[in-house]
Structure formats: structure tokens, C-alpha cells
Amino acid sequence: MPKPSAPNPAPDRDRAITLALTRWFHASARDLPWRHELRGQRDPYRSLVSEFMLQQTQVSRVLEKFEPFLTRFPTLTALAEAPESEVLAAWSGLGYYRRARLLHACAQAIVRDFHAAVPRDVPSLQQLPGIGRYTAGAIASIVFDQPEPIVDGNVCRVLQRLDAKPGSASQKDVIAWAWQRAESLVKLCSVSPSQREGASRHPEKASDAATPAAFNEGLMELGALVCTPAAPKCHTCPLRDHCAAHAQALVDDIPAPKPRAARARVHHDVALLWRRTASDIEVLLEQRPASGLWASLWQPPAIENAKKLRRTASSLLEALAIDAVPVQETKPRSSAFQTTHREIRFRVWIIEAAKVNPAARRWFPATSLSALAISNAHRALLELLPANSSKPSVQTRRDRATSSSA
DNA sequence: AAAGCGGGGCG
DNA sequence: CGCCCAGCTTT
């Protein structure tokens with residue numbers, strides 16, 4: 001029986017792409033904690049949390065925080081009812097802290113407007129705080145298997161290479177092209193009634209059918225594991241035979257690198273004030289403003305963007321309007337920290353104070369800091385406290401990889 | 001339309 | 001050391 005001829009060759013190529021990627025994903029997908037299914041479906045709440053954490057953040061970073069967050073906030077309602085300070089504390093170290101506040105507000109909006117059930121459609125999802133076009137498409141397709149496209153950095157790169165589309169993912173025209181391309185591909189994955197009938201008569205073929213969920217997640221998984229920015233593993237790529245960039249030897253030129261602004265270098269003068277108590281030491285912290293860098297997080301009192309070089313602890317305390325008596329003057333310690341947008345040189349005076357008027361600041365026991373919302377930059381500074389000088393309590397990834405688990 | 005926002009791993 | 005990452009909101 002002759003196969004009906006297609007109107008043009010593109011649909012055949014695209015169908016082959018969706019099928020090959022779906023099969024590869026089912027065979028090669030990593031076992032990630034937010035991919036665990038209950039009764040054949042992803043947990044919408046776990047998926048929601050993972051999507052927020054994964055915004056501009058690598059999987060390896062999210063893996064360290066995901067399960068502790070879910071243990072602390074097991075349900076959407078539990079998250080919605082929690083105080084924001086605890087949500088920020090559980091987010092501590094993940095960066096982009098606005099996401100934590102938006103996730104919190106998102107959970108509250110879902111409870112209020114959708115009876116505590118994550119909505120299934122893109123328009124409803126996209127109205128929620130912190131959910132843009134990508135995250136709405138990801139929830140709709142991956143959790144609810146709807147034929148909605150998604151485009152992130154990974155997907156844009158894969159699609160550009162697939163069609164040898166030049167340009168950078170920072171170009172609006174490239175992004176717009178990628179959304180069109182992703183949409184036309186994912187729509188080929190929606191199961192038509194006749195296909196569903198066929199699948200029920202041939203259940204052994206069911207796992208072969210391309211679904212929006214497997215195709216979309218396959219695009220991202222391929223970008224993460226195979227079609228990487230540098231040194232892509234074309235020899236193991238399931239789409240190699242369909243890839244225009246590979247055929248034309250353009251893989252290393254697509255996508256074009258994204259222009260990036262230079263990092264600003266700034267100095268912060270930090271007063272790491274501590275005092276002894278009967279059983280512990282305490283450290284003086286203040287809360288940052290609710291917007292901007294490290295919004296609402298706790299830190300030692302500091303002069304930011306310090307212009308002039310301060311030479312004594314006393315002069316810093318005076319600038320900070322802290323009425324304290326240093327037990328002794330010490331030289332500042334240097335500590336550098338980088339974010340994407342700036343390089344911060346901390347000058348840290350470690351000051352044991354006999355007497356302090358804390359004003360708006362608060363004393364915290366050193367043992368309570370792990371439950372507080374503090375950036376990784378400032379956690380590193382707190383490691384300079386005398387109580388921590390002999391035992392490193394911030395364990396690096398390298399530490400964990402090389403130390404035996406006792 | 002453009003800027004702002006963390007943090008770390010990797011080549 | 002530069003580049004990149006499962007983006008979104010604000011200005």
C-alpha cells in the first residue's frame with residue numbers, strides 16, 4: 001500500500017527528528033529527582049519548584065537544594081503558608097533570590113486563584129508570579145503533555161545547529177525563529193485520535209510515539225548532555241543525520257558567542273563583629289534592602305562601594321554608626337567574590353567587641369546561621385570568625401568529591 | 001529595549 | 001580567566 005506523498009519534505013524530516021529525539025530521551029534521560037512520577041504523571045508541585053530553581057541555574061547546583069527544600073515545604077499549601085524568611089533561608093546559596101520570593105508568591109496565587117492546583121494551560125500559568133513564556137510552556141508540556149513549545153538557552157542552540165541557523169541566542173530575531181521552530185516541531189508530537197487508536201491496538205509501539213513531554217525534555221537533555229556549547233558530542237547524537245550544522249561543519253560556529261558586559265570591580269568594607277557568650281559566640285548581622293543585590297538577605301554590617309581606603313577598625317565602626325568598643329584593633333582580611341556582573345573585594349575587619357549598641361542590627365549565635373538567609377559570599381566571610389578558624393564548615397563540591405563519607 | 005540579578009564549573 | 005547556564009521582572 002503506497003504511503004501518501006507529503007506536500008513537502010520538511011514534515012518527514014521533522015517527524016523523524018521528533019521520533020529520534022523521543023526514543024533517545026526515553027533511553028538516555030538522567031534520573032533527576034523532579035522527574036519521578038506518581039501514577040504515570042509528574043508531580044506538578046515538584047515540577048514547579050524545579051522549574052523555578054532551574055531558571056538560569058545548572059542542574060548540578062539545583063540538585064544540592066531540591067530535596068531539602070521539598071522536605072521543608074512538602075506541599076504547595078505548606079509553601080504558600082510559610083513565612084518568606086524561611087523560604088529565603090531554604091533558597092540560601094542558590095542565587096537570584098528574587099526567584100524564591102516569586103515562587104512563594106506563585107504558590108500563594110495558585111492557592112488563592114486555582115484551588116491549590118497548578119493550572120494546566122499556558123495563559124493561566126503565565127499570569128502567575130515568576131512564570132514567563134518558558135516556564136509556562138515547560139509545565140504545560142512536561143507535566144500535562146500539552147503540545148506547547150519551550151525555548152531556553154539549550155533548546156535555542158540545538159535548534160540553531162539542527163538548521164544551521166546563524167546568530168546568537170541574545171538576538172531577538174534568533175529567539176523568535178527558535179520559538180516558531182519549536183512550536184512546529186512540538187505540534188507534530190500531539191497524538192491524533194487515529195494514532196491513539198493505533199497505539200491501543202499495538203501497545204508495544206506506544207513508547208515509540210513522540211509526545212510533547214518527551215520531545216521537549218529531550219531537546220533540553222540533548223542540549224545539556226550532547227549538543228553542548230563547547231565540544232559537542234556529535235558522534236553520539238541521535239539527530240546527527242538530520243543536523244545541518246554537522247553536515248556543513250558549522251557546529252563550532254553556531255551559535256555565535258553572546259556579547260557580555262565587563263564585570264564591575266567594587267570594594268566592600270565589612271565589620272565582622274562577634275562576642276562571646278557562655279556556650280557559643282554570636283555575630284552581629286543586618287538585613288539587606290528588599291530589592292537589589294541579595295535582596296532581604298542577612299550580612300555583617302558593611303560599607304558598600306567604599307571609595308577611600310579605611311585603615312582602622314574604629315574608622316569603619318564610626319562610618320557604620322556602630323557604637324562599639326573593639327577588644328583590639330586588627331588589620332583587615334581580604335576576600336574576593338565574583339558574580340556574573342561584578343567582582344567584589346571585601347576588606348574584613350574581625351572585631352571582638354566588648355560592648356555594642358546594635359541599633360537595627362541583631363546578634364545571632366554562630367550555630368544558628370545555617371537556618372538563616374545568607375548569600376554564599378557572606379557565608380564565606382563568616383567562616384573567618386574565630387570559632388570557624390580551625391574547622392571549615394562550608395564544604396565545597398571538591399571536598400565532597402574527594403573526601404570519603406565517614 | 002535594556003538593565004539587573006548569583007553562583008559555580010569547566011576548558 | 002572567559003564563557004555559560006531549564007529566565008523573569010523592572011525600569
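Is the crossing of helix 5 and helix 6 left-handed or right-handed? In this predicted model, the crossing of the two helices is right-handed. The residues that form the contact between helix 5 and helix 6 comprise five nonpolar, one polar and three charged. On the side of helix 5, the contact involves E84, V87, L88 and W91; on the side of helix 6, R99, A100, R101, L103 and H104 take part.

Helix 5 spans residues 84-91 and helix 6 spans residues 98-113. Their axes lie 9 Å apart, and the packing angle is about 130 degrees. Angles from 65 to 115 degrees would count as roughly perpendicular and those over 145 as roughly antiparallel; helix 5 and helix 6 are therefore oblique to each other.

The cysteines were examined for disulfides, and the structure holds zero. A disulfide is a covalent bond between the sulfur atoms of two cysteines. The cut-off applied to a pair of cysteine sulfur atoms is 2.5 Å. For C156, the closest cysteine sulfur belongs to C227 and lies 11 Å away, which is too far for a bond. The residue C156 is buried, its relative accessible area being 0%. For C243, the closest cysteine sulfur is that of C234, at 6.4 Å, and this separation is likewise too far for a bond. C243 also counts as buried, with a relative accessibility of 13%, because the limit for a buried residue is under 20%.

Conventions
Residues are numbered from 1 along each chain as its sequence is written. Chains are lettered from A and ligands numbered from 1 in the order in which they are written. This is a predicted model: local features need pLDDT of at least 70, side-chain atom pairs count only at pLDDT 80 or more; totals for chains, interfaces and linings use all residues. Side-chain values use heavy atoms; hydrogens and water are left out. Axes are lines fitted to C-alpha atoms, for helices over the stretch in contact, and angles run from 0 to 180 degrees between N-to-C directions. Helices (H or I, at least four residues) and strands (E, at least two) are DSSP runs, numbered from the N terminus. Angles under 35 degrees count as roughly parallel, over 145 as roughly antiparallel, 65 to 115 as roughly perpendicular and the rest as oblique. A crossing is left-handed if the near helix is turned anticlockwise from the far one by less than a right angle, and right-handed if clockwise. Contact means heavy atoms within 4.5 Å. Ala, Val, Leu, Ile, Met, Phe, Trp, Tyr, Cys and Pro count as nonpolar, Asp, Glu, Lys and Arg as charged, and the others, Gly among them, as polar. Buried means under 20% relative accessible area, exposed over 50%, partly exposed in between (1.4 Å probe, protein chains only).
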